[in-house]
Amino acid sequence: YFILLPIRAVICWIAVGWLLTSIAVFACLPAQFKYRALLEKWCTLFFYRILSRALSASITIEQKQNQAKSGICVANHTSPIDVAILSVDNCFALVGQKHAGFLGSFQTLLSLSQSSHIWFERTEANDRMKVSQRLKAHVNHPKNNPILIFPEGTCINNSGVFMFKKGSFEVGGTIYPVAIKYDPVRSE
């Protein structure tokens, strides 16, 4: 713990610093810049790969030919690091609840990128309709990154699969199911 934990913490902060710097640079670039989307995708993938290394993740991706290019990616939510694990190999537009504190600041930072992330408040009734409209608009644009949704609405900690909420399936577009499984020996 005295050797590996500090090294992992430093690697994690290097990854966060990389993301902060790259998104700040991309926010300054004009939207019409020809290579902005490509550079942003590369930097985002690089961030998640560094972050997963800091967490000592050993990731196996099966059936790469079925990887989402657009549409909706639906996954079971087993851990708070699911987004980082899934984003090692593909960039996603994220859908999730707005948070406060560090995570809220991170969501605000992610919103500066070209991937149109969708954040909502569970307590506001109008947000459901707005989220649904934004999801439909996002799915109908073929150049957008696939949307990553955890339709269970909660993190289940690898104990099973809860009933999915139906909202993500009513949007339309191609749905790509994703199953996440953690090795219980390494993840406990």
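How many salt bridges does the count come to by the rule applied here? The count comes to 1 salt bridge, a salt bridge being a side-chain nitrogen of Lys or Arg within 4 Å of a carboxyl oxygen of Asp or Glu. The structure is a predicted model, in which local features need pLDDT of at least 70 and side-chain atom pairs count only at pLDDT 80 or more, whereas totals for chains, interfaces and linings use all residues. Residues are numbered from 1 along each chain as its sequence is written, and side-chain values use heavy atoms, with hydrogens and water left out.

**Figure 1. Overview of the predicted protein.** The protein contains 6 helices and 5 strands; helices (H or I, at least four residues) and strands (E, at least two) are DSSP runs, numbered from the N terminus. From the N terminus on, the elements follow the order α-α-β-α-β-α-β-α-β-β-α. Of the 188 residues, 37% count as buried (buried, under 20% relative accessible area; exposed, over 50%; partly exposed, in between; 1.4 Å probe, protein chains only). Among contacts (heavy atoms within 4.5 Å) between residues at least 6 apart in sequence, 70% join residues at least 24 apart.

Figure 2. The side chains of glutamate 40 and arginine 36 form a salt bridge, with an N to O distance of 3.8 Å. Both residues belong to helix α2 (residues 36–54) and lie 4 residues apart, about one turn of the helix. Glutamate 40 is buried, at a relative accessible area of 5%; arginine 36 also counts as buried, at 7% relative accessibility.

**Figure 3. The open parallel sheet.** The 5 strands are arranged in the order β3-β2-β4-β1-β5, with parallel pairing; two strands pair if DSSP finds at least two bridges between them. The edge strands, β3 (118–120) and β5 (175–178), each pair on one side only. From one strand to the next the twist averages 20°. Strand β1 (residues 72–75) pairs with β5 in the parallel sense over 4 bridges, and alanine 75 stands opposite valine 178 of β5.

**Figure 4. Helix α5 on the sheet.** Helix α5 (residues 125–139) packs on the sheet and touches β1, β2 (93–97), β3 and β4 (147–149). The direction of α5 makes about 170° with that of β3; axes are lines fitted to C-alpha atoms, for helices over the stretch in contact, and angles run from 0 to 180 degrees between N-to-C directions.

**Figure 5. Strand β2 and its partners.** Strand β2 is mostly covered, with 4 of its 5 residues buried. Strands β2 and β4 run parallel and are joined by 2 bridges; the bridge partner of leucine 94 in β4 is leucine 148. Strands β2 and β3 also run parallel, joined by 3 bridges, and glutamine 97 stands opposite phenylalanine 120 of β3.

**Figure 6. Packing of helices α1 and α4.** Helix α1 (residues 4–28) packs against helix α4 (residues 101–111) at an angle of about 40°, with the axes 10 Å apart. Helix α1 is therefore oblique to α4 (under 35 degrees counts as roughly parallel, over 145 as roughly antiparallel, 65 to 115 as roughly perpendicular, and the rest as oblique). Trp13, Leu19, Leu20 and Ile23 of α1 make the contact with Phe102, Phe106, Leu109 and Leu110 of α4.

**Figure 7. Confidence along the model.** The mean pLDDT (the predictor's confidence in each residue, from 0 to 100) is 79, and 89% of the residues reach 70 or more. Where pLDDT is low, the predicted coordinates should not be read in detail.
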